[in-house]
Amino acid sequence: MILIATKNIVGIHILIYFATSLVVCNNDIPFCRKRLNELRENEKDWRNRCLNGEGQNLATPRCEADKEYNYERMCMYKKICFHINKGLPAEPYLLIKSTSEIHAIDLTTPKTTVATQTTNIATLKTTVATLKTNVATLKTTVATLKTNVAILKTTVPTLKTTFITLKRTVAILKTTVAILKTTVAILKTTVTATLNTTVASLNATVAATLNTTVATLKTTVEILKTTGANLKTTAKTLKTTVATLETTVATLKTTVATIKTTVAILMTTVAATLNTTVAATLNTTVATLNTTVVISGLARGRMEIDTVDNNLYIADSNSISRVNLVDMCVEVILQNLSVDDIAVDWIKRRLYWAEYSKKQISVANLDGKNKIVLMNTTSYPSGIAMDPTW
């Protein structure tokens with residue numbers, strides 16, 4: 001019998017706490033409690049029909065078939081509700097369905113996972129040591145900058161002394177120029193008097209010599225004037241250089257203060273980043289402990305288990321896939337669907353699914369072949385359940 005509902009009929013939520021133990025809630029789920037009670041009633045009915053007064057099995061075909069059927073149902077509900085009965089082996093892994101993924105948690109290899117996480121923690125410790133070395137390097141750089149600033153402070157007074165010396169040299173050169181000008185004037189007067197007294201006896205030779213001397217003196221005066229102008233320019237350049245050096249010293253002081261502030265911020269940031277990184281890594285490590293992603297990228301999935309062939313059927317928004325629980329091999333068996341829920345008939349070996357948008361219930365073989373529309377509904381089916389014993 002196929003039951004149609006407009007809302008999800010069954011929702012199985014598995015709560016897992018990573019603390020001191022793994023808690024699996026099964027008997028508190030109404031679906032599981034109901035099926036377990038049904039199995040107990042079926043077992044009691046079988047004993048009344050198929051055991052004689054001495055408790056021996058009558059071994060009729062009907063009794064043997066009912067015994068096998070009850071066992072298959074018990075295996076299926078053990079896997080669905082994670083209910084472990086006496087005489088049935090424990091599962092080596094645990095299937096967990098989230099909103100977008102199905103996980104298989106391996107319960108047999110915790111020691112290997114712990115060793116891996118220990119290696120990750122050792123790597124984090126190495127990273128912390130490297131960051132501490134970088135902070136020490138920054139401190140050394142700041143000390144070097146402080147030394148450079150001290151050297152500049154020593155250099156500035158020396159430059160000021162040099163500038164004062166140059167000023168004094170310029171003043172001496174100006175005095176020399178004035179003396180030379182006075183000398184030239186005296187020479188001019190002397191030459192003129194001498195020329196007037198000895199013009200007759202010296203004739204043209206003395207006049208030519210005097211003219212040459214005067215020209216040489218004039219050239220010397222021009223050279224001295226040019227030298228004085230160059231010295232003035234040099235003095236101005238030195239003033240500009242001293243001002244630039246003073247500005248540079250002020251800039252370096254500001255830079256040193258900025259570097260100190262930056263180092264303090266970096267040390268605070270490094271400490272905060274290390275704490276955040278270690279906490280995030282440990283949280284991620286605990287969250288992913290013993291966990292393997294079987295299928296990722298599911299928008300909203302529904303799943304059913306076939307205990308006969310150990311297959312897990314998963315319905316996504318547009319396809320149905322089959323996962324072999326032995327080798328975890330994934331196979332897409334139906335595509336281009338709008339599946340909202342699925343159900344497996346493990347006796348007749350058929351797969352049923354509901355399509356909400358099309359108002360249809362469809363059926364196919366468990367390998368996806370021989371797909372047909374079983375019925376068109378008047379409402380929008382969002383859930384489906386299967387009872388193959390009806």
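**Exercise 1. Classify tyrosine 380 as buried, partly exposed or exposed, and find its ring partner.**

Solution. Tyrosine 380 has a relative accessibility of 40% and therefore counts as partly exposed; buried means under 20% relative accessible area, exposed over 50%, and partly exposed in between, with a 1.4 Å probe and protein chains only. The model is predicted: local features need pLDDT of at least 70, side-chain atom pairs count only at pLDDT 80 or more, and totals for chains, interfaces and linings use all residues. Residues are numbered from 1 along each chain as its sequence is written, and side-chain values use heavy atoms, with hydrogens and water left out.

Next, apply the ring criterion: rings of Phe, Tyr and Trp (its six-membered ring) pair if their centres lie within 6.5 Å, with planes under 30 degrees apart counted as stacked, over 60 as edge-to-face and the rest as tilted. By this rule there is one aromatic pair. The ring centres of tyrosine 356 and tyrosine 380 are 5.0 Å apart and the planes meet at 35°, so the pair is tilted. Tyrosine 356 lies in the loop between strand 10 and strand 11, and tyrosine 380 in the loop between strand 12 and strand 13 (383–386), so the pair ties together parts that are 24 residues apart in sequence. Strands (E, at least two residues) and helices (H or I, at least four) are DSSP runs, numbered from the N terminus. Tyrosine 356, with a relative accessible area of 36%, is partly exposed.

**Exercise 2. Determine how strand 11 pairs with strand 10 and with strand 12.**

Solution. Two strands pair if DSSP finds at least two bridges between them. Strand 10 and strand 11 run antiparallel and are joined by six bridges; arginine 350 stands opposite asparagine 365 of strand 11. Their hairpin has four residues between the strands, and lysine 359 there takes a positive phi near 55°.

On to strand 12 (residues 372–376): four bridges pair it with strand 11, again in the antiparallel sense. Valine 363 has isoleucine 372 as its bridge partner in strand 12. Six residues separate the two strands in this hairpin, and glycine 368 in the turn has a positive phi of about 90°.

**Exercise 3. Locate the disulfide and state which elements it joins.**

Solution. A disulfide is a pair of cysteine sulfur atoms within 2.5 Å. The structure holds one, joining cysteine 50 to cysteine 63 with an S to S distance of 2.0 Å. The link is left-handed, with -90° about the S-S bond. Cysteine 50 belongs to helix 1 (residues 30–50) and cysteine 63 to helix 2, so the pair ties together parts 13 residues apart in sequence. Both cysteine 50 and cysteine 63 are buried.
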